[in-house]
Amino acid sequence: MSLEQKSQHCKPEEGVEAQEEALGLVGAQAPATEEKEAAASSSSPLVPGTLEEVPAAGSTGPPQSPQGASALPSTVNFTCWRQPNEGSSSQEEEGPSTSPDPESLFREALSKKVDELVHFLLLKYRAKELVTKAEMLERVIKNYKHCFPVIFGKASESLKMIFGIDVKEVDPTSNTYTLVTCLGLSYDGLLGGNHIFPKTGLLIIVLGTIAMEGDSASEEEIWEELSVMDVYDGREHSVYGEPRKLLTQEWVQENYLEYRKVPGSDPARYEFLWGPRALAETSYVKVLEHVVRVNARVRISYPSLREAALREEEEGV
């Protein structure tokens, strides 16, 4: 079956999940470009909620930037279809193949479209512009119009999970959407310096970790949770920059976090708490509900959301 024929199976009236199953995308490893396939056996799978660098030589130019928006790097793969701890692909088990599998080629094409749409929507967010379905179809989706529900759904999921950006429909008649930070937070980390990507998604994960630990979380607990997203103390991240500076300086200055020495600790240990701005803009329940949705993909282990909600009600947060 040709790629064009495959795309005909992405009928808009079908549910996104049903379409993913028909395309073999549920739990499937997002295919890489031809140049990357040779090194696939040595690379670790992309954990949902993280980003992976891909060779620029194997990618085409991204959609044209909206007016007034700075260009984003075109070497970041935003797709979050891959699941953690997956085994090797069927191709690796069966040995090298001389001809590409049509199913794999089609999944690769859709995966590329998801990346392109995330890139395009990030540019729209930075430019503070609305976006229409017609514009997405014309500028990004093009020959894969029948697959729009799948591509748009996956791109929206990636924006929410990785960047903390929500895609909201503002006009159902014209299918017009706006892009806003999740959970009512007013911070995205784009002001000043060379900040390129929104950092709200990581902030929500940190706030969620603190909420699940009670009123505070030790520094060790925070870094342990962030390691699931390939964010490590002292290691520069392609999206979030230097994470220690972000957590202990920028977010403290922005009043989203408090970073203090644990009373009576010797040697000194430190912990994180919610700052006054976080308490004013959102709530434990909202943050925890978001984290639980991410948990379905990222496999972060948290206690019962109901217990946290009850605790918040008792404390009157």
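Buried here means under 20% relative accessible area, exposed over 50% and partly exposed in between, computed with a 1.4 Å probe on protein chains only. The model is predicted, so local features need pLDDT of at least 70 and side-chain atom pairs count only at pLDDT 80 or more, while totals for chains, interfaces and linings use all residues. Residues are numbered from 1 along each chain as its sequence is written, and side-chain values use heavy atoms, with hydrogens and water left out.

**View 1. S218 in strand β6.** S218 is found in strand β6, residues 216–218, where strands (E, at least two residues) and helices (H or I, at least four) are DSSP runs numbered from the N terminus. With a relative accessibility of 12%, S218 counts as buried. Apart from its neighbours within four places in sequence, S218 is in contact (heavy atoms within 4.5 Å) with R269, Y270 and E271.

**View 2. D166 in strand β4.** Strand β4, residues 165–171, holds D166, which counts as buried at 15% relative accessibility. Leaving aside neighbours within four places in sequence, the contacts of D166 are K160, T178, L179, V180 and C182. Of these, T178 lies 12 residues from D166 in sequence and 8.2 Å from it in space, C-alpha to C-alpha.

**View 3. The largest nonpolar core.** This core, a set of buried Ala, Val, Leu, Ile, Met, Phe, Trp, Tyr and Cys residues joined through side-chain atoms within 4.5 Å, has 65 residues, and those with the most contacts inside it are L117, M136, L159, F163, L226, L247 and W251. Helix α5, residues 102–127, gives the most to the core, with 10 residues. Because domain 1 (103–184 + 299–311) and domain 2 (199–281) both give residues to it, the core lies between them; the domain bounds come from an automatic or database domain assignment.

**View 4. Helix α5.** The 26 residues of α5 reach 38 Å from the first C-alpha to the last, close to the 38 Å expected at 1.5 Å a residue, the expected span being 1.5 Å times one less than the number of residues. Since 20 of these 26 residues are buried, α5 is largely enclosed by the rest of the structure. Just after the helix, K128 takes a positive phi of about 60°.

**View 5. Contact between helices α7 and α8.** The axes of α7 (residues 148–163) and α8 (residues 200–213) come within 5 Å and cross at roughly 60°. M161, I162 and F163 of α7 make the contact with T200, G201 and L202 of α8.

Definitions and conventions: Axes fitted to C-alpha atoms, helices over the stretch in contact; angles between N-to-C directions.
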